[in-house]
Amino acid sequence: MYDDILIPTDGSDTVPETLAHGLPLAADNDATVHSLYVVDSRVTAAADDETGADLERSLEDEGRDAVADVEERAAAAGLETVGEVRHGTPAKTILEYVDEAGIDLIVIGTRGKSPREKVTSLGSVSERVVDNASIPVFVVRNAGSEE
């Protein structure tokens, strides 16, 4: 049913729980696991030239580590992997990758937010992906929470 599954990563504590759901789905379907980290261009654009360059390098390093972690866990489960670090707006870049790579399913983690948090954050990456994806999205709600 699924040949290519995207598990976006931000390197946070939501990723292990997201992988706990995404990797078995990939194994059950003999699917390739795609891992994508997006260096948020809004963050790097807000910094001055000197600080921005250092910040961008730091985020790229963080992204390579986060993607490598997903790839290692997927490979340990006997799955084929593809990993990439891109620059852009996270939700938009994730959806562009979906179209370019022929992804069949997105497995993404999210933390549950209170109504107040939703107002102050103007929505999350996972919400934007769900709202705009043309393919199924499996959301691992409250990933990384201690509840």
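Tutor: Strand E2 is joined to strand E3 (residues 81–88) by 8 bridges, and the two run parallel. Keep in mind that this is a predicted model.

Student: Which residue in E3 is the bridge partner of Val 38?

Tutor: Arg 86 is the partner of Val 38.

Student: And how many bridges join E1 to E2?

Tutor: Strand E1, residues 4–8, is joined to E2 by 5 bridges, also in parallel.

Student: What about the E5 end: which residue of E5 is opposite Ile 108?

Tutor: Val 139 stands opposite Ile 108. Strand E4 (residues 105–110) and E5 run parallel and are joined by 5 bridges.

Student: Back to E2. Is it mostly covered or uncovered?

Tutor: Mostly covered: 9 of the 9 residues in E2 (residues 32–40) are buried. The cut-off for buried is under 20% relative accessible area.

Student: Which residues of E2 point which way?

Tutor: Thr 32, His 34, Leu 36, Val 38 and Asp 40 point one way, while Val 33, Ser 35, Tyr 37 and Val 39 point the other way. Both sets are buried. In a regular strand, side chains alternate between the two faces of the sheet.

Student: New topic, the largest pocket. What is its volume?

Tutor: About 610 Å³. It is lined by 27 residues, and those closest to its centre are Thr 9, Asp 10, Ser 12, Gly 109 and Val 125.

Student: Which element gives the most to that lining?

Tutor: E2 does, with 5 residues. Other elements that supply at least two residues each include E1, H1, E4, helix H3 (49–76) and helix H6 (125–132).

Student: How do the lining residues divide into nonpolar, polar and charged?

Tutor: The lining of the largest pocket has 13 nonpolar, 8 polar and 6 charged residues.

Student: Let me put E2 together, then.

Tutor: E2 is bridged to E1 and to E3, its residues are buried, and it gives the most to the lining of the largest pocket.

Notes
Residues are numbered from 1 along each chain as its sequence is written. This is a predicted model: local features need pLDDT of at least 70, side-chain atom pairs count only at pLDDT 80 or more; totals for chains, interfaces and linings use all residues. Side-chain values use heavy atoms; hydrogens and water are left out. Buried means under 20% relative accessible area, exposed over 50%, partly exposed in between (1.4 Å probe, protein chains only). Helices (H or I, at least four residues) and strands (E, at least two) are DSSP runs, numbered from the N terminus. Two strands pair if DSSP finds at least two bridges between them. On a 1 Å grid over the protein atoms alone, a cavity is a set of points where a 1.4 Å probe fits but cannot get out, and a pocket is an open set with protein on both sides within 12 Å along at least five of seven lines; lining residues have an atom within 4 Å of a point. Grid points are joined across faces, edges and corners, and a volume is the space filled by probe spheres set on the points. Ala, Val, Leu, Ile, Met, Phe, Trp, Tyr, Cys and Pro count as nonpolar, Asp, Glu, Lys and Arg as charged, and the others, Gly among them, as polar.
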